[in-house]
Amino acid sequence: MYLSLLITFMCFAGEVFSSSLFSPCKKSDLPCIETTVNNALPKIFDGIPELGILKSDPQFIAVIDADLSALKYTFYNSTNYGYKNCEVSNLIINDDLTRISGKAVCPSLHMNGVYDMKGVLITLPIEGNGNYTFEGASFQLDFDIKLDKIKGSEGKTHLFIRKITYKPKALTPIQFNFQNLFNGKEDLAAVVKKFAKENWLDITLLLQDPIWEVSLDLLKTAVNKYLATFAIDDTILN
Ligand SMILES: *[C@@H]1O[C@H](CO)[C@@H](O)[C@H](O)[C@H]1NC(C)=O
Ligand SMILES: *[C@@H]1O[C@H](CO)[C@@H](O)[C@H](O)[C@H]1NC(C)=O
């Protein structure tokens, strides 16, 4: 059912959007593939309304819900900026194109929205709800992507990302700003602010996984919608 929908979609999409964002490369020519990927991704992240591909930069995330052992948080109506500046490198691609690993460096990510949080932040009790911003984030993301190959009705091969495994590493201090902590009690909020500045890395490690999970899942959806419209046979040459 899902597959036939996908194939129907490919046929439809192929009609409205036939020019490829990826220029042809030999399979063994990794620098060429890296360049074409780095040229294509920002265009996909910009969104392609004709293909139903939503913008990934900025990326809207309706809800991120996290229940960590000592801390619960929900982020609503979040917007994540900066994926267009990510640069992919160190690609390793297996021979049948079903596995790609490498790293992406994203030098300037930031995010804002509305938060609701309660629990213990590392060692500090925290409670609040209001606007939040995370600024100045620079990340390296080591990734390993498993792909499936699907034959389109036109007989050509399409790739489809099945799973992204990733390991994020923060490269620079992140400024965490939660407004209206403790219902506006400024003295308590000031303690958290100071703590967050001194312990940004531990806080990043504590908070980041649920955010990456939702965000990369949305990226995967966007890229898969594009991959469904484009056949690799004409692009990755033997
Ligand atoms: C999120 O945005 C929607 C639509 O603008 C709004 O109805 C909702 O109240 C917002 N949620 C929060 C928690 O601010
Ligand atoms: C929260 O952010 C929204 C959107 O940026 C803004 O309109 C609103 O005034 C902010 N609320 C507070 C209390 O600062």
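User: Which residues surround ligand 1?

Analyst: This is a predicted model, in which local features need pLDDT of at least 70, side-chain atom pairs count only at pLDDT 80 or more, and totals for chains, interfaces and linings use all residues. Residues are numbered from 1 along each chain as its sequence is written, chains are lettered from A and ligands numbered from 1 in the order in which they are written, and side-chain values use heavy atoms, leaving out hydrogens and water. A residue is near a molecule if one of its heavy atoms lies within 4 Å of it. The residues around ligand 1 are Tyr76, Asn77 and Val114.

User: How many Å separate an oxygen atom of ligand 1 from an N or O atom in the side chain of Asn77?

Analyst: A polar contact is a pair of N or O atoms within 3.5 Å; within protein, one must be able to donate a hydrogen and the other to accept it, and residues adjacent in sequence count only if both atoms are side-chain atoms. For the ligand 1 oxygen and the Asn77 side chain, the distance is 2.2 Å.

User: What share of the area of ligand 1 does the protein bury?

Analyst: Accessible areas come from the Shrake-Rupley method with a 1.4 Å probe; for residues, only the protein chains shown count as cover. Taken alone, ligand 1 exposes 360 Å². Of that area, the protein buries 30%.

User: Is Tyr76 exposed, partly exposed or buried?

Analyst: Tyr76 lies in strand β3, residues 71-81 (strands are DSSP runs of E, at least two residues, numbered from the N terminus; helices are runs of H or I, at least four). Buried means under 20% relative accessible area, exposed over 50%, and partly exposed in between, with a 1.4 Å probe and protein chains only. Because its relative accessible area is 35%, Tyr76 is partly exposed.

User: Which residue joins Asp46 and Lys55 in a network of salt bridges?

Analyst: The side chains of Lys55 and Asp46 form a salt bridge at 3.5 Å, N to O. Asp46 is partly exposed at 33% relative accessible area, and Lys55 is partly exposed at 45%. The network linking these two also includes Lys84.

Note on methods
A salt bridge is a side-chain nitrogen of Lys or Arg within 4 Å of a carboxyl oxygen of Asp or Glu.
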